[in-house]
Amino acid sequence: MAKEPIRVLVTGAAGQIAYSLLFSVAKGDVFGPDQPVILHLLDIPPMMGVLEGVVMELMDCAFSLVREIIPTCDEQQAFNDIEAAFLVGAMPRKEGMERKDLLAANVKIFKSQGKALDQFAKKTVKVLVVGNPANTNAFICSKYAPSIPKENFSAMTRLDQNRAQSQIAFRLNVPANNVTNVIIWGNHSSTQFPDASHALVNVNGTIKKVGDCLNDDAYLKGEFITTVQKRGAAVIAARKLSSAMSAAKAACDHMRDWWNGTTEGQFVSMAVYSDGSYNVPADVMYSFPVQIGADRQWKIVQGLEINDFARQKMDLTGQELKQEKEDALSVCQD
Ligand code: NAD
Ligand code: LMR
């Protein structure tokens, strides 16, 4: 029997990330090749002309899964009855900025959209925040949507995970998806901790520890970490625009795994509501390794060994998240 269409919202729909993201969502790469979608596309009034062009192109792709396209600048219409939301719409940083420099400009968008989720979305909605500073925007969004479970909100660190996985895969000369269980801890910022100490690699069918194969502790504790931490800034310096194709791919990976579940024995990183696991701060959106079942509920992977090196890095990024949260709350009170 044919499935009923689901309503999927993409905000910032006239922007760069959405341009790639919409293609993959409409094609069935996220919700499945048999899941029809009704696309809700939100942007701000001055972008309605550009959005019209995006709608024309979506139509011209003749995707069989797209049942309806709703371009709008009205939050009620955008959030009405949605089951999944990609909250992309926000200002991107320019060269020389840190992502938290966007806080004052962007956090109010997520306060308003939190309220709209609370009022108009399905209570089961899965919300992925991409707009920066993503972790703290997701925290604010959830705070202003008290009728929706906190577990339904997440922020994207999958791009950092993909970057980390790819750095290792190129070094080991294996395909990217042969590398698994790399972890991103904490904030999607330059304090994040990309951790390869639990990572595995499939070498000609044998699963080995990445650390044993690379045999280069100095790299994994040095250049590997800084390359991933600074990758967003490096893309901006080169492109004069922030990452878009890779961000869209990561958003699809994140939502696909949330919707369909993770592979047995593997985990992925998502910034989720922290319960204080691993003694990191509670009540912030902290990126953890998670596993997801068929019920679409994520669980933080417990019991991983944390050495002194990791402890210090996990605490540092946790402190930054606590500070960002305080700053965001004071912006929201204005
Ligand atoms: P962009 O400027 O190309 O597009 C952003 C779009 O959002 C614009 O069309 C803009 O009009 C729209 N917008 C602004 N305010 C809005 C609102 N209130 N409601 C709906 N739409 C609104 O930017 P982009 O390159 O697509 O990046 C979007 C965001 O994603 C930025 O904040 C960027 O820093 C962030 N980002 C995050 C990650 C991540 O890994 N978490 C990766 C890349 C980019
Ligand atoms: C990224 O990681 O590429 C994005 O968050 C954009 C940025 O500002 O770095």
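Which residues have the most contacts inside the largest nonpolar core? Some notes on that and on the rest of the fold.

1. Ground rules. This is a predicted model, with local features needing pLDDT of at least 70, side-chain atom pairs counted only at pLDDT 80 or more, and totals for chains, interfaces and linings using all residues. Residues are numbered from 1 along each chain as its sequence is written, while chains are lettered from A and ligands numbered from 1 in the order in which they are written.

2. The core. Val-10, Leu-21, Phe-86, Val-129, Val-130 and Ala-251 have the most contacts in the largest nonpolar core, which has 92 residues. By core I mean buried Ala, Val, Leu, Ile, Met, Phe, Trp, Tyr and Cys residues joined through C-beta atoms within 7 Å; buried means 20 or more other C-beta atoms within 10 Å of the residue's own, with C-beta atoms placed from the backbone. Helix 11 (residues 245-260) gives the largest share, seven residues. Since domain 1 (6-155) and domain 2 (158-324) both contribute residues, the core lies between them.

3. Leu-21 up close. Ignoring neighbours within four places in sequence, Leu-21 is in contact with Val-10, Phe-86, Val-88, Ala-248, Ala-251 and Cys-252 (contact: backbone-placed C-beta atoms within 7 Å).

4. The domain interface. The bounds come from an automatic or database domain assignment, and the two centres, taken over C-alpha atoms, are 23 Å apart. Contacts link 32 residues of domain 1 with 29 of domain 2. On the domain 1 side, helix 5 (134-143) is among the elements supplying at least two residues, and its six are the largest share. Helices (H or I, at least four residues) and strands (E, at least two) are DSSP runs, numbered from the N terminus.

5. A β-α-β unit. Strand 2, helix 2 (residues 48-60) and strand 3 form a right-handed one, meaning that with the strands pointing away from the viewer the path from the first strand over the helix to the second runs clockwise. Strand 2 (residues 37-42) and strand 3 (residues 66-72) run parallel and share six bridges; pairing takes at least two DSSP bridges. Leu-39 sits opposite Ile-69 of strand 3.

6. Three strands make an open, antiparallel sheet in the order 7-10-11. Strand 7 (179-180) and strand 11 (206-209) each have a single partner strand, so one side of each lacks a neighbour in the sheet. Strand 10 (residues 200-203) and strand 11 are joined by four bridges, with Asn-202 partnering Ile-207 in strand 11.

Technical notes:
Two residues are in contact if their C-beta atoms, placed from the backbone, lie within 7 Å. A residue is buried if 20 or more other C-beta atoms lie within 10 Å of its own, exposed if 12 or fewer, and partly exposed in between; C-beta atoms are placed from the backbone.
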